[in-house]
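Me: I am new to this structure and would like to learn how to read its features. Could we take them one at a time?

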Amino acid sequence: MSDVGSEEFDDERGSLGEYEGDRNEAGERHGQGKAVLPNGDTYQGAYENGKRSGQGTYKFKNGARYTGEWYMNLKHGEGTFYYPDGSKYEGMWVDDQRQGLGVYTYPNGDTYNGEWLHHQRHGQGAYTYHDTGSQYVGTWIMGKMESAGELIDLNHRYQGNFINNNPSGPGKYVFEIGCEQHGEYLQIEQVKGDAEEEEPAITTILKWKPKEITGLSVWTNERDSGHTAVEE
């Protein structure tokens, strides 16, 4: 689920490369034009006072491509980025970073549809796993599942809080047959390897502790408090 992609390009502070297109009275690139940068990248689209501004397509020599809005040489506004590994992002950009609403399709077919901040999944969003069809819908903080969320599977769903991508604390399983199992998830740390080692490996084991089975109830996602509330 890597978000890494090649987005580096010549910012034209050095050699300007080749250019064909409109210019303003000062001789700056202004209007529609096409540029071939010294590193082999190309840009075709709008310029304003020497900077990429407006709609344009930038093609990277490594196979990546961005088509969308620009401002002052930066991806800014709505646009689509095609990464060399086959992944794709369609959505909003701010100062060259994924920010706002957007959809990311990963090389394995997984998708994330929701809010972004500084290139990270951040805010409310839904992540769908291609192989299983399972889906997480809820809160994200800097790329990780955090706070209130819902993990949806084929015949049941889990509703509760998440910490560091894992369910934690009180929650419930809701089954299609019309019942719920309430309980809590415990995150138990286990030390692996020799105890005498300076830095033994520590792994976190999830343990579900069931408490009771009830009929269906309403689950409320309380984002502000970071807790879930059940109304019987």
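Reply: Start with a hairpin: S10 and S11 form one, with six residues between them. Gly 133, in the turn, has a positive phi of about 80°. The model is predicted, so local features need pLDDT of at least 70 and side-chain atom pairs count only at pLDDT 80 or more, while totals for chains, interfaces and linings use all residues. Residues are numbered from 1 along each chain as its sequence is written, and side-chain values use heavy atoms, with hydrogens and water left out.

Me: How many bridges join strand S10 to strand S11?

Reply: Two strands pair if DSSP finds at least two bridges between them. Here six bridges join S10 (residues 120-128) to S11 (residues 135-141), and the two run antiparallel. Gln 124 has Thr 139 in S11 as its bridge partner.

Me: Which strand does S11 form a hairpin with, having two residues between them?

Reply: That is S12, and Met 142 in the turn has a positive phi of about 45°. S12 covers residues 144-152 and runs antiparallel to S11, joined by six bridges. Gly 138 stands opposite Gly 149 in S12.

Me: How many helices and strands are there in the chain?

Reply: Both are DSSP runs, numbered from the N terminus: helices are H or I with at least four residues, strands are E with at least two. The chain has zero helices and 18 strands. As a general point, side chains in a regular strand alternate between the two faces of the sheet.

Me: What share of the residues counts as buried?

Reply: Buried means under 20% relative accessible area, exposed means over 50%, and partly exposed lies in between (1.4 Å probe, protein chains only). Of the chain's 232 residues, 38% are buried.

Me: How many aromatic pairs does a search of the whole structure find?

Reply: Rings of Phe, Tyr and Trp (its six-membered ring) pair if their centres lie within 6.5 Å; planes under 30 degrees apart are stacked, over 60 edge-to-face, and the rest tilted. The search finds 32 such pairs. One of them is Tyr 43 with Trp 70, edge-to-face at 5.6 Å centre to centre and 80° between the planes. This pair links distant parts of the chain, with Tyr 43 in S3 (residues 42-48) and Trp 70 in S5 (residues 65-71), 27 residues apart.

Me: Why does Tyr 43 count as buried?

Reply: Tyr 43 counts as buried because its relative accessibility is 0%. Trp 70 is buried too, with a relative accessible area of 3%. Trp 70 also forms an edge-to-face pair with Tyr 66, at 5.1 Å centre to centre and 85° between the planes. Tyr 66 is buried, as is Trp 70.

Me: Is Lys 51 buried or partly exposed?

Reply: Lys 51 counts as partly exposed because its relative accessibility is 33%. Lys 51 lies in S4 (residues 51-59). A contact means heavy atoms within 4.5 Å. Leaving aside neighbours within four places in sequence, Lys 51 is in contact with Arg 29, Ala 46, Met 72 and Asn 73. Between Lys 51 and His 30 the C-alpha to C-alpha distance is 7.8 Å, with 21 residues separating them in sequence.

Me: What share of the contacts with a separation of 6 or more comes from residues 24 or more positions apart?

Reply: Such residues account for 22% of those contacts in the chain.
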